[in-house]
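Dear colleague,

I am handing over the structure below, and after it you will find an account of the contacts I went through. Please read the account with the model open beside it.

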Amino acid sequence: VTCPDGHVTANRACCALFPVVQNLQENLFDGGECGEEAHSALRLSFHDAIGFSLNSNKGGGADGSILLFNATELTFHANGGIDDITSRQFPVFETTGLTPGDFVHLAGAVGTANCPGAPRLQFMFGRPPPIAPAPDLTVPEPTDDVDAILARFADAGFDASEVVALLSSHTIAAADVVDVTIPGTPFDSTVGTFDTQVFLEVLLAGRSFPGNGSQPGEVLSPLAGEMRLQSDFVVSRDSRTACLWQAMVNNQQLMVSSFAAAMAKLQVLGQNVNTMVDCSDVIPEPAPFAGPIKFPASFSMADVEQACASTFPQIQTVAGPAPTVAPVPGS
Ligand code: HEM
Ligand SMILES: *[C@@H]1O[C@H](CO)[C@@H](O)[C@H](O)[C@H]1NC(C)=O
Ligand SMILES: *[C@@H]1O[C@H](CO)[C@@H](O)[C@H](O)[C@H]1NC(C)=O
């Protein structure tokens, strides 16, 4: 159908979303940037949705409870730093007429689309209002071991390959609270691009801590100015996940297709998809990433701590001295 404002979409119900997307771009994402707000909108979408369990009552999943019941969910340790994005989203949310769940997951999809290389995520429209906050301890912590991480995700319906796929998100990610002395410290050297760089850089031998020494959930990182989460480190080197992790390196197509599939599941967790409308065509088409990825300057295969026996991809090295990764502006 053609909407009154000229946009074309598969379903008339989706027409209401085009002005919301524009509102988000103007009032939340600084005119469509892959910046701090886009990154944290994706993180928020995860922290909201993972409040769900197949086996016990752990919340309503992708229901927007983290936005509506922020007084409860923001006290949980794993939601440290999330208050930045919920407080930025709340006033915009109130101008849209959407339910909290639709708003949080639309913002996650639109913010991700601002990042070159990202997939255009599915967006299903029609989540009812959340009825209660999620309980504590549904969101994994960077101090968790692989058993705990895989168990929590399995409890929410995700297998090991989906966990690795979802961790592609850390290609557009930085930490504000793991080390509070260095807000906005990225997990890879290309934090504004949805590329496979994070899968490569997490495999490089660690050399230093970027800020105030070793903090809980942090391990040595290869580059100055870069943060490496202990959880990414252990997942990349565990026998259950190492080959899935390594397969992502320089395989943009595998990463985006598996990430998009896992996100499609995550963003409707606990929801009744039969009563929802597929409004994916309201999500902007992300800019492409040309690739291939490269080793950061001065690094090579000799720095890779390979944890999977499959052949490692051939990767060139950026010329010059080892870089210092800059913090994400506005963190
Ligand atoms: C084992 C599971 C995971 C753990 C332990 C984990 C942990 C973390 C931590 C500690 C941070 C930094 C928080 C801060 O200091 O500000 C972070 C950031 C982030 N995480 Fe995860 N995460 C996990 C999975 C995910 C998943 C599944 C997604 C999305 C699908 C996601 C998306 C993000 C994003 C986008 C950021 C960056 C936020 C920003 O730059 O503002 N994470 N994660
Ligand atoms: C929490 O929600 C209230 C509305 O209930 C809102 O005014 C406030 O900005 C939110 N705060 C944060 C940190 O999300
Ligand atoms: C630096 O790290 C130490 C040890 O983790 C901690 O006790 C101290 O409070 C930190 N300093 C700042 C400024 O955060």
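A residue is called buried here when its relative accessible area is under 20%, exposed when that value is over 50%, and partly exposed in between. Please also keep in mind throughout that this is a predicted model.

With that cut-off, Arg127 counts as buried because its relative accessibility is 2%, and Asp102 counts as buried because its value is 3%. These two side chains meet in a salt bridge, with 2.8 Å from N to O. The pair links distant parts of the chain, since Asp102 belongs to helix H6 (residues 100–113) while Arg127 lies in the loop between strand S1 (124–125) and H7, 25 residues apart.

The structure holds ten salt bridges, and two others deserve a description. The side chains of Lys58 and Asp155 meet at 3.4 Å, again taken from N to O. This pair also links distant parts of the chain, with Lys58 in the loop between helix H2 (36–49) and helix H3 (65–68) and Asp155 in helix H7 (residues 146–155), 97 residues apart. The two partners fall into separate classes of accessibility: Lys58, at 24%, counts as partly exposed, whereas Asp155, with a relative accessible area of 11%, is buried. The contact is also part of a network of salt bridges in which Lys58, Arg152 and Asp155 are linked.

The other salt bridge is formed by Asp303 with Arg207, whose closest N and O atoms are 3.3 Å apart. Asp303 lies in the segment after strand S6 (277–278) and Arg207 in the loop between helix H9 (197–201) and strand S4 (218–219), so this contact ties together parts that are 96 residues apart in sequence. Asp303 is buried, with a relative accessible area of 15%, while Arg207, at 46% relative accessibility, counts as partly exposed.

Turning to the aromatic side chains, the structure holds seven aromatic pairs. In one of them, the rings of Phe93 and Phe103 have their centres 5.6 Å apart and their planes at 65°, so the pair is classed as edge-to-face. Because Phe93 lies in helix H5 (residues 83–94) and Phe103 in helix H6, the contact ties together parts that are ten residues apart in sequence. Phe93 is buried at a relative accessible area of 11%, and Phe103 is buried at 0%.

The rings of Phe153 and Phe158 have their centres 6.3 Å apart and their planes at 85°, so this pair is edge-to-face as well. Phe153 counts as buried at 6% relative accessibility, and Phe158 is buried with a relative accessible area of 2%. Ring pairs link Phe46, Phe153 and Phe158 into a cluster. Phe158 has a charged neighbour too, for the charged end of Lys265 sits over the Phe158 ring, 5.0 Å from its centre.

Which residue is the only protein donor of the iron atom of ligand 1? That donor is His170, which contributes NE2 at 2.1 Å. His170 is found in the loop between helix H8 (160–166) and strand S2 (174–175).

Definitions and conventions. Residues numbered from 1 in each chain as written. Chains lettered and ligands numbered in written order. Predicted model: local features only at pLDDT ≥ 70, side-chain atom pairs only at ≥ 80, totals over all residues. Heavy atoms only, no water. Donors = N, O, S within 2.8 Å, 3.2 Å for Na, K, Ca; no water. Helix = DSSP H or I, 4+ residues; strand = E, 2+ residues; numbered from the N terminus. Salt bridge = Lys/Arg side-chain N within 4 Å of Asp/Glu carboxyl O. Buried < 20%, exposed > 50% of the residue type's maximum accessible area, 1.4 Å probe, protein only. Phe/Tyr/Trp six-rings, centres within 6.5 Å; stacked < 30°, edge-to-face > 60°. Lys NZ or Arg CZ within 6 Å of the ring centre and 35° of its normal.
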